[in-house]
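Please look at the model below. The numbered points that follow are for a first reading.

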Amino acid sequence: MKPGREESGEISFRLTELIGHRIDTDPGLAGEVAAVIRAALEPAAGSRAAVADPGLGGVFLNSVRVRGFRGIGPETTLELPAGPGLTLVTGRNGSGKSSFAEAAELALTGGNRRWDGRSVTWREGWRNLHRSGPVRVELEMRTDGPDSGLTVTREWDADEPLSGGIWTQRRGDGPQRAFAAGEWAVPMELYRPFLSYSELGALVDGKPSELFDALHQLLGLDELIAAHERIRGRRLDLERAARTARRERQALLAELAEITDRRALRAGALLREPVADLAELAELVADTAAGPEPEALRAILALELPAAARVEALAERISAAVAAVAAATAPDVVADLRILELLRAAYAHAVEHTRLAPTADPEQPVGPAAHVGRTTDRAASAGHDTALCPVCGHGTLDRQWLLDTAAAVDGLSLRTADLARARAELTAALADLRVSTGGLPPELATAARTAGLDTAGLGATWARWVGLPESRDLDALPGLLRTVHERLCAELGFAQHCAGKELDRLDEAWAPFVPRLRDWLELTRTVTAQAAELQTARAAEEWLKSATARVRDERLAPLAGTARWVWQTLRQQSSVELGGIHLQGNANSARRVHLEVTVDEVDGAALGVMSQGELHALGLALFLPRATVAASPFRFVVIDDPVQAMDPAKVDGLARVLATVAWERQVVVFTHDDRLAEAVRRMQIDARIIEVQRRERSVVEIRPAGDPVHRYLDDARALLRTPQLPRTIADELVATCCRSALEAASLARAKRVLLAGGMDHREVQRRIDRAQSTRAMVTLAVLGPGHRIEDLNKQLAREGRWAVEVVRDATAGAHVPIDRDLAELIADTERFAEWLAR
């Protein structure tokens, strides 16, 4: 099966158009929800740049030239065929082959995944130990277009760190310019064509989010993700406001419950309602009258008493008046005063009931002469000239009586004037006292009733104060006035102090809630107004999330198909099955790639029991689909040491996968394991095999690598052409090379025949391991398993005497001198190898 790379590359059509079509064809999608989705998609329209075009296209590698970097000392060039095909770069560990892979990655990415997570000491060993001075890495590539040549170079002076140096690129024969790292970053991140051994396992058992991010970006869903984030951001803002309102409501309820203020109690009651009456709560917050409790307390604070100086002046006035009354009071004066009052009353009675008119005001004391000969104009209208005494009923009240009475009144008035004046002053002083004491303030009872203020003692003292003008003991009144006033002032002051503290407490407790309640009201009104928008945003987010998941699965399906094909080819005799590949989560939650992996048909058990080789094979299955997407500008992949930990069966599968990928890609594999090269040769896969060797002082040599048989034969011929080598030693070395060539040819035939016959790789390897000698290996290759070594010569004799002799002489010559022309031995060995290959 060929991987579906064409399908996986179709990621360039406009997502906004696709989603717009699905919006139009969804009958269950509300209009307001569709409008939100379209609005979220609008900023993305036309904004997504082509993901694979920093002026690149069809990039193949021509060569990697390295000097002074890692294991390479003097400048060495690794030439590569710039086009589709498979190239194996082989060499033992430490030969410098991986330095070429790391140099290529460093030249294009500025870093190396193999170094990530390593210690500083390890990363600092990037300069070659045997060559001081400047370091240079140069990567020559071929691209599509008229200026197909592209060279990227990194150079460092002797003392520059890895992060420094000069990084340039050049098109064809044009001028050098700074490397456009920003232009390369996106395609390099999406289609990374480099895979090191350390990354193989990390693709499966590394951070779950890293593989998710790599595949998710590859699918080209940026526009949908950005739109989803816009809707999600708005939804989170709306939900955050609603949560804040709910939390603040609960906090206010808890705190208001601890306050006895009427406003706090009412606010708590309103907030406890399922749907709070916002209008009433707003009125409560705006209420500046403060309610009956604060009003009653403020009324207490407003109470006033006469000043102490006024009370003192009033006490002195009363005291003086009382003294004056006492001084003017004598028994005869008191009696005269009573008679005066009676005469005045009688005089007034007589005037009222007769035609006689007073000649003077009897209330005004005048002498007797003032009444003589006075008349009035009332005579014409009076009914009588006399009147009977209203007391005895016999005496006559006539003009003469009036004159006499007037004279008596005048005399009595003169004798009682001092007492009258003293009593008048006392009466006036008591009247002023009554004005000063006033009445009992109703505020005392109100404060006690509504605010709980203890005013009982104050009320009793104030009642005594109000009752002072009615005191009968006028002599003690001035002192009592002073005492009661002093005590009342003290008690009122204490009550006002308590009222002030209580008022402060109420205000201090309630005041902080006013701005909080006001803010909560504003927030709640906003939340209420945005409730419909929140529901719409939730629906839009859910719809777009579902639509994105569908598009993601549609675009992931071809990549998953390629991954399954790679795994199916690689796994060979493994019992692990790879099913679907799914991306779970998103950028704001735990994200991972879910692999439907089973072992012996048990779901979810595979990853825990897979061998390291199986994990590496699975990692390769996840890497290749991404690196070989048709949209990638990189037409090459560079894989370093993928063979490690793989069993022989998986090595064969790897050879098949690499050969298939090489139909359209340039595949460069670096490996120290000869099994991959052997499998490629055995399976007759078209590949170029290059061998890297490291000499003293980091001198690296590169040469085409033939198969082991021809390599040994070439070494044997080179020994024959070395005159400085003693004859006996040369003969032994040549025979040893011929024996090794026979063993290599026999090994290749045995594997090829046994595997083609259906034998398990592990069983083939066990039989090869049991062939401990050259003749045993040749027997296995010629006769097959289960035959004796003694039967080998009979079979070889059928081919010719030369076949028997070449096996005999190559085997013996490695230990003892033989009487045979060594050039002939080399020729017969090559002939025998060709016979085995047929």
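1. Helices α26 and α28 make a left-handed crossing; that is, the near helix is turned anticlockwise from the far one by less than a right angle. Helix α26 covers residues 727-756 and α28 covers residues 774-782. Their axes come within 8 Å and cross at roughly 35°. Axes are lines fitted to C-alpha atoms over the stretch in contact, with angles from 0 to 180 degrees between N-to-C directions. Helices (H or I, at least four residues) and strands (E, at least two) are DSSP runs, numbered from the N terminus.

2. Which residues make the contact? On α26 they include Arg739, Glu743 and Leu747; on α28 they include Met777, Val778 and Ala781. Contact means heavy atoms within 4.5 Å. By class, there are eight nonpolar, two polar and three charged residues. Ala, Val, Leu, Ile, Met, Phe, Trp, Tyr, Cys and Pro count as nonpolar, Asp, Glu, Lys and Arg as charged, and the others, Gly among them, as polar.

3. The model is predicted: local features need pLDDT of at least 70, side-chain atom pairs need 80 or more, and totals for chains, interfaces and linings use all residues. Numbering starts from 1 along each chain as its sequence is written, and side-chain values use heavy atoms, without hydrogens and water.

4. Most residues other than glycine have a negative phi. Aspartate 641 has a positive phi, near 55°. Its loop lies between β14 (636-640) and α23 (648-661).

5. Serine 698 sits in the loop between β16 (688-694) and β17 (700-704). Serine 698 is buried, at 1%.

How values were computed: Buried means under 20% relative accessible area, exposed over 50%, partly exposed in between (1.4 Å probe, protein chains only).
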